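This report covers selected local features of one protein model.

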Amino acid sequence: NGRISIAYSSHRLSLPPSQNPLEEKVRGRDLCCTDLFCCVIFVIVILGYIALGTVAWLQGDPRKVIYPTDSYGQFCGQKGTPNAKKSTLFYFNILKCANPAVLINLQCPTTQMCVSKCPDKFSTYTDVQLQYQITAAPWDYYRQFCKPGFNNPTKPVAQVLRDEDCPSMIVPSRPFLQRCFPDFITLNGTLTVAKRTHFKDALDKARSVTELRDAANGITGLVDAKEVGMKIVEDYAASWNWILIGLVIALVVSLIFILLLRFTAGLLLWFTIIAVILVIAYGIWHCYLEFSLLRQQPGADVTIVDIGFQTDVMVYLQLSQTWLIFLIALGTIEASILIILIFLRRRVRVAIALLREGSKAVSYIMSTLFYPIITFLLLAICSSYFAVTSVFLASSGDAIYKVMAAEPNCMYANKTCNPETFNKTNVSKACPGAQCMFAFYGGETPYHRYLFILQLSNLLIFLWLVNFTIALGQCTLAGAFASYYWARRKPQDIPPCPLFSSFSRAIRYHTGSLAFGALILAMVQMARIILEYLDSKLKGANNVAARFVFCCLKCCFWCLERFVKFMNRNAYIMIAIYGKGFCMSARDAFCLLMRNVVRVAVLDRVTDFLLFLGKVLIAGSVGVIAFFFLTHKIPIFQEEVPTLHYYWVPLLTVIFGSYLIAHGFFSVYAMCVDTLFLCFCEDLERNDGSSEKPFLMSAGLHSILRKIDHH
């Protein structure tokens, strides 16, 4: 009851129990639940999170986020409703959307209705009323943008506009985000709508295109962004199968790289270093060549700022400044790598030898290479639950209607109203032209009043769960690799299924400790998110002192987050070895690292640097193949290449995905090296190499890490 088979049994080792911390732990001397209070709190929070998601699911309605809502609280384009074929929202007077009330009510103070299509011509209600005496065709077109059921073109214009039965004018528009926005067109450098810069509305009031542009601020940029987004989606649809093939190639290359490390670690890592240096050197030469050629061409000296944002990447490649930026960046990277190799060449050799020893541990416990898949699945579940809960929380509440007054001095403006009884009240008499229109979704219950707090709680718990998932993976891998280290005869004394045994121990005994460390990190990350949000709000302000303070706070919390991550990682290793609580494990890990600070400097940075070069080589190699394929430079696959708007969309996806795949495999190596290092330091302090207290490290590892002391 409570026994776990790990590392090796006591009869295989003629060593005192005190020499082997894992054996002490398994025998039950220290095997107990750690940080039980945190474990209980963590379980309660998870149950509360499930309850929060359930309540949000019952209260929320994603349709409120997916579909736009008209002035009567009805969804546009929803199947099974009168608006099923009317998927676009039309604003009667979009000029009112520039009103500051929009920021208060999150709703434009004008009548909004669902239409099947946006207007494609310019017209005013006065013109249509005059033309109706001759022909009914203009009115038949115009009334589709009036309130449903209104068919009285002879009603006085003043009354129509007061009651907002029809818009005072319609302008050529096009749908964006399921809403009709003016179709701005630039003619000879002048912004126009329907080839006009000025026009008059139904009240004969002069209007300008600038007013429309201000009301739909930034709409032209958004429309361009939408077009780019649609093209990107089309590119993904046309090339998804080739993207998957590229990622599979990255997976195979990563596995081959890992297997080769077991037998040719030194040769492979030196090849990686040299290959990266040569590839960057070629990039420097190519950038300099392009820069020299473009500098002699007229018009190529235009700066990137001058041309602004362009959806066609090739435009930037025609500028000499672009290649100069590439040249400087690659030159800086190349110089940094060479400086590291020159001044840390001995430590690089030691780090390579340490990675070779780590590859032996990985080869004996090959199942660890596939544990990142479990971490990925758990993170995907957490992310999906967080996203769904956020959407349902954001769409919680009932439709709230408020008085939208036509006059600025109306005492009932922004007051809550009921559209069914609004006409029976005195509001219309006190404020002529006032209407009861949909404003937003909300409520007066405690649940609705604290929705913002619930959203923050949703974010904090999400960060907690994500960090717990990562901590569980680190502790599991550390326990598996520790069982390799403390086995005297390798691989005979390594227990069966060491990864599963380590995972079981972490879940059964150390959930509280892992949750404690994850909570500390989640709170630091939450503070950083809040600081980023506040800083974004201050970007438009001219308060230099406040911006400086926020910049300092962001820097401090970034450093704090890095430190907490480093300490948590080593604390989880000590938890996997000794089975103590988080605070005690973090203290022991910190003291142990400080007593071996020189060795830490070699391990923590140089090995990470070598593994990073391996990731870059794998991602870069697959990226080069994808580039030649997508640019029709591989003769065999000329006909198979899909037609794309932007070839860089699948290219960047393949490169980024390949890097993530390589990172998943190499993160196992990094955890292996860190665990072996801490076990080595602990072994040196517990044992002295004598026959009574022999070292449990391998002879190769002993000789490797002794070199660090001499270097």
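## Two residues with positive phi

Cys497 sits in the loop between α17 (451-485) and α18 (498-509); helices here are DSSP runs of H or I with at least four residues, strands are runs of E with at least two, and both are numbered from the N terminus. Its phi is near 50°, a positive value in a residue other than glycine. Cys497 is exposed because its relative accessible area is 54%, where exposed means over 50%, buried means under 20%, and partly exposed lies in between (1.4 Å probe, protein chains only).

Asp35 also has a positive phi, about 50°, although it is not a glycine. Asp35 belongs to the loop between α1 (21-26) and α2. With 23% relative accessibility, Asp35 counts as partly exposed.

## Basis of the values

The model is predicted: local features need pLDDT of at least 70, side-chain atom pairs count only at pLDDT 80 or more, and totals for chains, interfaces and linings use all residues. Residues are numbered from 1 along each chain as its sequence is written, and side-chain values use heavy atoms, with hydrogens and water left out.

## Salt bridges

How many salt bridges does a search of the whole structure find? The search gives 8, a salt bridge being a side-chain nitrogen of Lys or Arg within 4 Å of a carboxyl oxygen of Asp or Glu. Side chains of opposite charge can pair when their charged atoms come close.

One of these bridges joins Glu561 to Arg528, with the closest N and O atoms 2.5 Å apart. The pair links distant parts of the chain: Glu561 is in helix α20 (residues 544-578) and Arg528 in helix α19 (residues 511-538), 33 residues apart. Glu561 is buried, at a relative accessible area of 9%, whereas Arg528 is partly exposed, at 23%. Arg528 and Glu561 are also linked with Lys565 in a network of salt bridges.

A further bridge is formed by the side chains of Arg569 and Asp674, at 2.6 Å from N to O. This pair also links distant parts of the chain, with Arg569 in helix α20 and Asp674 in helix α23 (residues 648-686), 105 residues apart. Both Arg569 and Asp674 are buried. Arg587 pairs with Asp588, and their closest N and O atoms are 3.2 Å apart. Arg587 counts as partly exposed at 48% relative accessibility, while Asp588 is buried at 19%.

## Cavities

The whole structure contains 2 cavities of 30 Å³ or more. A cavity is a set of points, on a 1 Å grid over the protein atoms alone, where a 1.4 Å probe fits but cannot get out; lining residues have an atom within 4 Å of a point. Grid points are joined across faces, edges and corners, and the volume is the space filled by probe spheres set on the points.

The largest cavity has a volume of about 150 Å³. It is lined by 14 residues, of which Tyr91, Phe92, Ile94, Met169 and Val171 are the closest to its centre. The elements giving two or more residues to this lining are β1 (88-91), β4 (169-170) and β6 (179-182). By class, the lining has 11 nonpolar residues, 3 polar and no charged; Ala, Val, Leu, Ile, Met, Phe, Trp, Tyr, Cys and Pro count as nonpolar, Asp, Glu, Lys and Arg as charged, and the others, Gly among them, as polar.

## Nonpolar surface patch

Which residues form a nonpolar patch on the surface? They are Leu36, Phe37, Val40, Ile41 and Ile44, with about 490 Å² of accessible area together. Patch residues have over 30% relative accessible area and no salt bridge, and nonpolar side chains (Val, Leu, Ile, Met, Phe, Trp, Tyr) are joined within 5 Å. Areas come from the Shrake-Rupley method with a 1.4 Å probe, and for residues only the protein chains shown count as cover. Val40 lies in helix α2 (residues 36-59) and is partly exposed at 43% relative accessibility.

## Pairs separated along the chain

His286 is in helix α9 (residues 219-295) and is partly exposed, with 26% relative accessible area. His286 and Trp323 are 37 residues apart in sequence, and their C-alpha atoms are 9.0 Å apart in space.

Gln78 is in the loop between α3 (63-66) and β1. Gln78 is buried, with a relative accessible area of 13%. Its C-alpha atom is separated by 9.6 Å from that of Pro68, 10 residues away along the chain.

How values were computed: On a 1 Å grid over the protein atoms alone, a cavity is a set of points where a 1.4 Å probe fits but cannot get out, and a pocket is an open set with protein on both sides within 12 Å along at least five of seven lines; lining residues have an atom within 4 Å of a point. Patches are made of residues with over 30% relative accessible area and no salt bridge: like charges are joined within 9 Å, nonpolar side chains (Val, Leu, Ile, Met, Phe, Trp, Tyr) within 5 Å.
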